[in-house]
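This report walks through a few local features of one structure. Please look over the sequence and the model first.

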Amino acid sequence: MNKSVLVGSIGGVVLVTGVLLLSAGNMGAFFSIPGLIVVLGGTLVATLVSRPVDEVRALIESIPALFRPEESTMERDVEQLLKFARRYRVCDARAAERELASISNPFVATGLRQVVEGSGLEDLGKSLQWRIAGVRSQENGQTQILYSMATFAPAFGMLGTLFGLVHMLTGLGEAALNDIGASMAFAMITTVYGIIASNLLFKPLAIKRERRTTQHLMQMTALREGILQIHQKRHPMLISDALEAYCAHYQAADTMSSPLTLVKA
């Protein structure tokens, strides 16, 4: 598990557990299956109504990856790109075309294939930019779903609160004190669930997803610049320097420990 996620998860559990231990004599009062169904079930239903099912399913499938350390392939991609550049610069088209089979990044492979096939520089740049825009649209869409869920959860928590208050008030004249207390507890606990789900689950995941999208797009943009320079048959060392300068400018120091320097070495 990602170290920051692990520390954050433990901190969240300790925080919530500590509050429960300090504020309640009966821990069971904070556990309500109907309350969870109202908040989580309502949030899921509202999300499915507002978004296509395929997008929601893709998001759910991608969530486990957010809890694991992200494995950057930038070093490998740049190494393969520069190896291709050496072949292509000496006008060895067949060797360069054979090199395409060893390129594992589909974005890089597609761009370099267009280079080999003689695509114009302007058309190549547009094609790569459209692919980046497609990835941006898809990943930003998943981030927006998480932000929407963070908005829905407190609303359904409030809905559960209103249900509990209505149930309590309708039986106020004839219900026993225990029944009134149970209805009031249900009314309050759903609001708690909504706030916890929004601020300790959906919003943090959305922010983490947003950050990874930014890193992914930065890497794709850097690789796009490398592909365009290969099309111009620039020297591989100059391409490596340009990519290193680009990443040094746009990437935080703790995300990629100068992989391009390793490639140059």
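## The aromatic pair

Rings of Phe, Tyr and Trp, with the six-membered ring taken for Trp, count as a pair if their centres lie within 6.5 Å. The model examined here is predicted. Searching the whole structure turns up one aromatic pair. Its members are Phe84 and Tyr88, whose ring centres are 5.9 Å apart with 10° between the planes. The pair is classed as stacked because planes under 30 degrees apart count as such.

Phe84 and Tyr88 are four residues apart in helix H4, so about one helical turn separates them. Both Phe84 and Tyr88 are buried. Tyr88 also has a charged neighbour: Lys233 lies over the face of its ring, 5.2 Å from the ring centre.

## Gln80 in helix H4

Helix H4 covers residues 74–89, and Gln80 is part of it. The relative accessible area of Gln80 is 16%, and Gln80 is therefore buried, the limit being under 20%.

Which residues does Gln80 touch, leaving aside those up to four places away in sequence? They are Ser102, Ile103, Ser104 and Asn105.

## A nonpolar patch on the surface

Elsewhere, Ile33, Leu36, Ile37 and Leu40 make up a nonpolar surface patch. Together these residues have about 380 Å² of accessible area.

One of them, Ile37, sits in helix H2, which runs over residues 33–50. Is Ile37 buried or exposed? Ile37 has a relative accessible area of 55%, so Ile37 counts as exposed, for which the value must be over 50%.

Note on methods: Residues are numbered from 1 along each chain as its sequence is written. This is a predicted model: local features need pLDDT of at least 70, side-chain atom pairs count only at pLDDT 80 or more; totals for chains, interfaces and linings use all residues. Side-chain values use heavy atoms; hydrogens and water are left out. Helices (H or I, at least four residues) and strands (E, at least two) are DSSP runs, numbered from the N terminus. Buried means under 20% relative accessible area, exposed over 50%, partly exposed in between (1.4 Å probe, protein chains only). Contact means heavy atoms within 4.5 Å. Rings of Phe, Tyr and Trp (its six-membered ring) pair if their centres lie within 6.5 Å; planes under 30 degrees apart count as stacked, over 60 as edge-to-face and the rest as tilted. A charge sits over a ring if NZ of Lys or CZ of Arg is within 6 Å of the ring centre and within 35 degrees of the ring normal. Patches are made of residues with over 30% relative accessible area and no salt bridge: like charges are joined within 9 Å, nonpolar side chains (Val, Leu, Ile, Met, Phe, Trp, Tyr) within 5 Å. Accessible areas come from the Shrake-Rupley method with a 1.4 Å probe; for residues, only the protein chains shown count as cover. A salt bridge is a side-chain nitrogen of Lys or Arg within 4 Å of a carboxyl oxygen of Asp or Glu.
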